[in-house]
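Student: I am new to this structure. Could we go through it together?
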Amino acid sequence: DDGTTAAIDPVNNLFVVVGSGGTPNNMGYPSVPKYHTVQAFSLSAGTKMQAWSDAGCDLSYRNGGLAWNSALGLMVGYPGGGNQVYLLNTGPKDMVTPFGIVASHKCLDVPISSKPSPVKGVDYPPDPEGTGRDANLGIYGRFAYFPSLDVFVLVNDSGQNAWILRLIGRSNAP
């Protein structure tokens, strides 16, 4: 119930754990967390851990989605609601993307819809299921990247349609 999510970075050989805390009742999006954590565990150097406390991952919330994007060479996180994803550079060098430069061990927030007034549930996914103490049950493994199609698939709510997100570089937004 700590709200963390994790994924493997196969290029830098890391197990990456992202989470947040300090929100009332440990609720996730849209509650603003007091702190964001990014930890990386080397898969080749035993249990050596790195903590990136200033990664700038403002969109990390309880039980968000995280997946390795082989086309970009970056982690992509979905906070579990809202009109943005974040790109996390787990590598040692800055990465140039169609959305901007992602510094080493830092995040870059990217809007899902470039419309001036995007509509939740139309232009970007609705918030995850759950209400009250069980608000925002998160998306866990329901945010996945399919390399052969170069798309992410997201199921935010078991009673809603699945969403497909393709990060393209022709505009400032996916």
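Tutor: A term comes first: two strands pair if DSSP finds at least two bridges between them. Helices (H or I, at least four residues) and strands (E, at least two) are DSSP runs, numbered from the N terminus. This is a predicted model, where local features need pLDDT of at least 70 and side-chain atom pairs count only at pLDDT 80 or more, while totals for chains, interfaces and linings use all residues. Residues are numbered from 1 along each chain as its sequence is written, and side-chain values use heavy atoms, with hydrogens and water left out.

Student: What is the order of the three strands in the open sheet?
Tutor: The order is 11-12-13, with antiparallel pairing. Strand 11 (143-146) and strand 13 (163-165) are the edge strands, each pairing on one side only.

Student: Over how many bridges do strand 12 and strand 13 pair?
Tutor: Strand 12 (residues 151-154) pairs with strand 13 over three bridges. Opposite L165 in strand 13 stands F152.

Student: New topic: how many aromatic pairs does the structure hold?
Tutor: There are four. Rings of Phe, Tyr and Trp (its six-membered ring) pair if their centres lie within 6.5 Å; planes under 30 degrees apart count as stacked, over 60 as edge-to-face and the rest as tilted. One of the pairs is Y78 with F143, stacked at 6.1 Å centre to centre and 20° between the planes.

Student: Which parts does that pair tie together?
Tutor: Y78 lies in strand 6 (residues 74-78) and F143 in strand 11, so the pair ties together parts that are 65 residues apart in sequence.

Student: Is Y78 buried or exposed?
Tutor: Y78 is buried, at 1% relative accessibility; buried means under 20% relative accessible area, exposed over 50%, and partly exposed in between (1.4 Å probe, protein chains only).
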